[in-house]
Amino acid sequence: MRLFIRNAFPDSSGGKVAVYSHRDLFGRKKFDQIPVGRLINQWHSFQCDAGKPALHQASGGDLLKGNYSDAAVHMMELMGAQLGKGLGKNLQGIVEPPAAVGQTSKAGLGKGKTVHRAAGPPQQQIMGYETEDGVKFGYSGERNGQIVLELTAFDGISNARTGELTIVPDPEEMRPALLWRGGPVGIADATFPHPKGWCFDGFEKVTLDKANVRTLTAIYRSAATKRPPCEQKWRSALDLDFDISRIWSRLCRPGMTPRDFKNYYRYLMRSMLTRNLRQGRPLPANPLAPPSTMCRMCANSHERFSHIQMCDTIEATFQPLAALANALGTRCENDQQFRALGLACGEFLQGTLSDLHIILWKFVIIHMVAVDEEGQRFVPRDVWKAAVRRQRSRLDAHAGRTQLKLIRTGPATQSQLDSWSAQVHPLVACYNDDGSQTASDPWARTLHTLDLTD
Ligand SMILES: [Zn+2]
């Protein structure tokens, strides 16, 4: 090394070599004096870092030989191995060592590569094994001819391998684990209670693994809850079997206020003060007239609750709504089911058409009261007109709120427009970019034919 330095650097003197360092302010070259001892040290440490095989190959040696120590090569040769040929009786072994596959560049991990989870091997089943310290969970495997369990730790998302191994002396006792919300809870066939096999009395759909605070509260509450008796009465009154709970969901619509549905609610609960319940008390509007029990709408029949849905005048009141529904593509008949509960051929009216049905009831009842209280006449067209006017103002209010949103948040996305349109469907065909509504043709015709200006 010293000899090499002496030859390479003719001006090496006093055990030092001069190497170029930098230029000073005047552009003159500056040199550093490096002790030869330091260069030799650096050369030795480079040799250690580079490794013998690299140095061997760098000096033009045999490619394979440099990879193994002389002692190893000698031992292999004693056993009949020949360098450059495969191992084995028929030299069938591989010659090149397996290539390491991995990232060698400094690019971000995963760059340019898409890993498809679904394309990977199927996920291994988590097994449970009972030990003296309780049940252990993990993936079964083999190490040195022994069955082992590679333990997992559930972190709330996945069952990560911990790398810890437990020897399984009795592999027969290792059985599939039962997972509950992703984490193992026990050995599947020995866990009690089994979350999927248990449910609450009367709530067969909610198995233990699906129970949460909401369902548990509902189950707890149900013991003290009674279905309103009107549900059964409606079933028998209409002689129809249908999902009665849906009559309540019609009342919970965006923009539907108690002002709109509280009158209909009285009708649904079958708690209206019909004339047969007045028990001979005189009418406030006409105290001198003999108390009448005849229908205040049609005057052709005794007024009792069951008469209302059959009354000819009520039928006439609901006729324009049935026509509108048919024009909007909802096949329906103006029958008792339709008038009473908004059932169009067994299906409940949808969206704003359903709202209009409820609002129409609001005005039916307002006008019924007005007959008795103020001595007015019940005119189906007036009732229909009042309902249409109210529905129109509700749709206008919806458009107003939508336009306010647009002012606040800027142009709407298509999905926002779709969602707003769905809320006012089917009377309104769609919302436009500027927050205005395009009424459906039948609804536009209805508004046009009724003179709503007064
Ligand atoms: Zn009547």
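The chain's secondary structure comes to 15 helices and 14 strands; helices are DSSP runs of H or I of at least four residues, strands are E runs of at least two, and both are numbered from the N terminus. This is a predicted model, where local features need pLDDT of at least 70, side-chain atom pairs count only at pLDDT 80 or more, and totals for chains, interfaces and linings use all residues. Residues are numbered from 1 along each chain as its sequence is written.

**Whole chain**

Start with everything shown. Of the 454 residues, 18% count as buried. Buried means 20 or more other C-beta atoms within 10 Å of the residue's own, exposed means 12 or fewer, and partly exposed is in between, with C-beta atoms placed from the backbone. Among contacts between residues at least 6 apart in sequence, 43% join residues at least 24 apart. A contact here is two C-beta atoms, placed from the backbone, within 7 Å.

**The α10–α12 pair**

Select residues 312-327, helix α10, and residues 351-374, helix α12. They pack at an angle of about 165°, with axes 11 Å apart. Axes are lines fitted to C-alpha atoms, for helices over the stretch in contact, and angles run from 0 to 180 degrees between N-to-C directions. α10 is therefore roughly antiparallel to α12 (angles over 145 degrees count so; under 35 is roughly parallel, 65 to 115 roughly perpendicular, the rest oblique). The crossing of α10 past α12 is right-handed, that is, the near helix is turned clockwise from the far one by less than a right angle.

Now show side chains. On α10, pick Ile314, Thr317, Phe318, Leu321 and Ala325; they meet Leu353, Leu356, His357, Leu360 and Val364 of α12. By class, this contact has eight nonpolar, two polar and no charged residues. Nonpolar covers Ala, Val, Leu, Ile, Met, Phe, Trp, Tyr, Cys and Pro; charged covers Asp, Glu, Lys and Arg; the others, Gly among them, are polar.

**The cores**

Which residues touch the most other members of the largest nonpolar core? Select Ala325, Leu356, Leu360, Val364, Ala387 and Leu427, out of 40 residues in that core. A nonpolar core is a set of buried Ala, Val, Leu, Ile, Met, Phe, Trp, Tyr and Cys residues joined through C-beta atoms within 7 Å. Elements giving two or more residues to the core are α8 (258-268), α10, α11 (336-341), β11 (343-344), α12 and α13 (380-409). α12 gives the most, with nine residues. Center on Ala387: leaving out residues up to four places away in sequence, Ala387 touches Leu356, Ile359, Leu360 and Phe363.

A second, separate core has eight residues, including Met127, Tyr129, Phe137 and Leu178.

**Pro184**

Move to strand β8 (residues 183-187) and pick Pro184. Pro184 counts as buried because 22 C-beta neighbours lie inside 10 Å. Beyond its neighbours within four places in sequence, Pro184 contacts Ile126, Gly128, Phe137, Phe154, Ala177, Leu178 and Leu179. Gly138 is 46 residues away along the chain, yet its C-alpha atom is separated from that of Pro184 by 9.3 Å.

**Backbone stops**

Go to the loop between β4 (134-143) and β5 (146-154) for Asn144. Asn144 has a phi near 50°, positive in a residue other than glycine. With 6 C-beta neighbours inside 10 Å, Asn144 counts as exposed.

Next, Arg270, in the loop between α8 and α9 (305-308). Its phi is positive too, about 55°. Arg270 counts as partly exposed, with 15 C-beta neighbours inside 10 Å.

Finish at Pro426, in the loop between α14 (414-424) and β13 (428-431). The peptide bond from His425 to Pro426 is cis, with omega near 0°.
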